[in-house]
Structure formats: C-alpha cells, structure tokens
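Have the structure open as you read.

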Amino acid sequence: MPKTAVKPTGAKRGRPGYDQESVLDIAVQVFNKHGYDATSMGTLADNLGISKSAIYHHVPSKGDLLRLALDEALVPLEAIAEDERAQRGTAEERLEFILRSTIRVLIRRQAYVTLLLRLRGNTEIERDALERRRAVDRHVTHLVTQAQQEGTLRQDIDPRTTTRLLFGAINSMVEWYRPDGPVSAEQVEENAIAMMLDGLHTRNG
C-alpha cells in the first residue's frame, strides 16, 4: 500500500534539510520514546537541532503534530475498507484481505502505528483517533460475524473476542518486528495469516 502523506495546503519550508515530513518523522520517534504528554516543544527542538520557532514554521502546535502523525497511520488503515477487494467475495476472503493489508500498513508505517496504539485518550485529538480505530474494529467484527453465518469460520468464539485477538496478534508486531531482522515482511504476513485464519476455520469431523 503506498504511503499516504497528510499535509495541509501550502505547507512551509523552514531550515534547509527540514520539511514538514522530516519534522513529523522525528517528532513521532520522540513521542514514542518519551510519551506524547511528556514531550515538550523544547524536547522536539533539541532532537531536531532547530529552534522552537522553526518548528512552529511547519505546524501551529504540538497537537497538530500529533494529529498529522496519527493520520499517517489511520488514513491508510481506513482506506483498506474502501478498497474494492474488501467489498467483494465471501466474508472470509474480505476478512483476509483486510488482515493482510493491516499487517502491511503496520510494517510500512510502524512508528506511526506504534504511536496510535499507545494513545491514552487524554486529549480530543487522541479520543477522535481512538474512535476512528474502534470503527475499524467494528467493521472487522461485522465481517467475522458474516463469515460465521456463511459457515466458514467457527461459531464457538464471540466475534468481538475474535476481533480483539486478531488485532492483538497483529499489533504485537510493533514491539518485535524489525525490517532488518531474519524474517522478511512477506514471511511475517504469511505466518500471521496462517496462524490466525487456520485457527478460526470450522472443524470437520
């Protein structure tokens, strides 16, 4: 899935070598290391090697940095459900497409998804992001329910529990997956899908 850049119209450039995207990338690293609440604009400026006023040249506030960073994770995740492959075929086929696509977004936007998963809901921006994330969860729960009704997934597990377990397995990758590790992104995807969906298939005999 291609990278989705979320930038306000007319984004300005500041010190040479720093545009809004590079400021955002470093800000996310700092948020993940120290926590959003504990990170000040001064801390961000120190990590960027520029002044606070230079950061304000790119974004109006720390909250705007957070909003832009969360969109880097949420926009591609939300776009998965709009893809035609998520809207055709059996419920299980659509579920598999969504799970595979979610894994790919997590791997490609790992730092941004990590930030999303660590939200505490202390601000309106965070609460809005959490609600958007819950909407994704509800969509998957609906697909699990449909697949159970179609008879392809076992019915002895509550759909909401299934959704939590599926995303729990996927989301854990932010803690251990490394692009330079011994297992490729493709292998991780195939192993995760096999483990998750094979365990959910109906049992014959």
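## Salt bridges

A search of this whole predicted model turns up 15 salt bridges. Side chains of opposite charge can pair when their charged atoms come close.

Take Arg132 and Asp71, whose closest N and O atoms are 2.8 Å apart. Arg132 sits in helix α7 (residues 124-150) and Asp71 in helix α4 (residues 62-82), so their pairing ties together parts that are 61 residues apart in sequence. Asp71 has a relative accessibility of 11%, so it counts as buried.

Another pair to find is Arg100 with Glu190, a salt bridge of 2.9 Å from N to O. Because Arg100 belongs to helix α5 (residues 91-108) and Glu190 to helix α10 (residues 185-198), this bridge ties together parts that are 90 residues apart in sequence. Arg100 is buried, at 16% relative accessibility, while Glu190 is partly exposed, at 42%.

## The nonpolar core

In soluble globular proteins, nonpolar side chains tend to be buried together. Here, the largest nonpolar core has 58 residues, and Ile55 and Leu65 have the most contacts inside it. Beyond its neighbours within four places in sequence, Ile55 is in contact with Met41, Leu44, Ala45, Leu48, Ile50 and Leu65.

## How confident is the model?

The protein chain has a mean pLDDT of 89, with 90% of its residues at 70 or more. Over residues 1-16, however, pLDDT stays under 50. Where pLDDT is low, the predicted coordinates should not be read in detail.

Notes: Residues are numbered from 1 along each chain as its sequence is written. This is a predicted model: local features need pLDDT of at least 70, side-chain atom pairs count only at pLDDT 80 or more; totals for chains, interfaces and linings use all residues. Side-chain values use heavy atoms; hydrogens and water are left out. A nonpolar core is a set of buried Ala, Val, Leu, Ile, Met, Phe, Trp, Tyr and Cys residues joined through side-chain atoms within 4.5 Å. Buried means under 20% relative accessible area, exposed over 50%, partly exposed in between (1.4 Å probe, protein chains only). Contact means heavy atoms within 4.5 Å. pLDDT is the predictor's confidence in each residue, from 0 to 100. A salt bridge is a side-chain nitrogen of Lys or Arg within 4 Å of a carboxyl oxygen of Asp or Glu. Helices (H or I, at least four residues) and strands (E, at least two) are DSSP runs, numbered from the N terminus.
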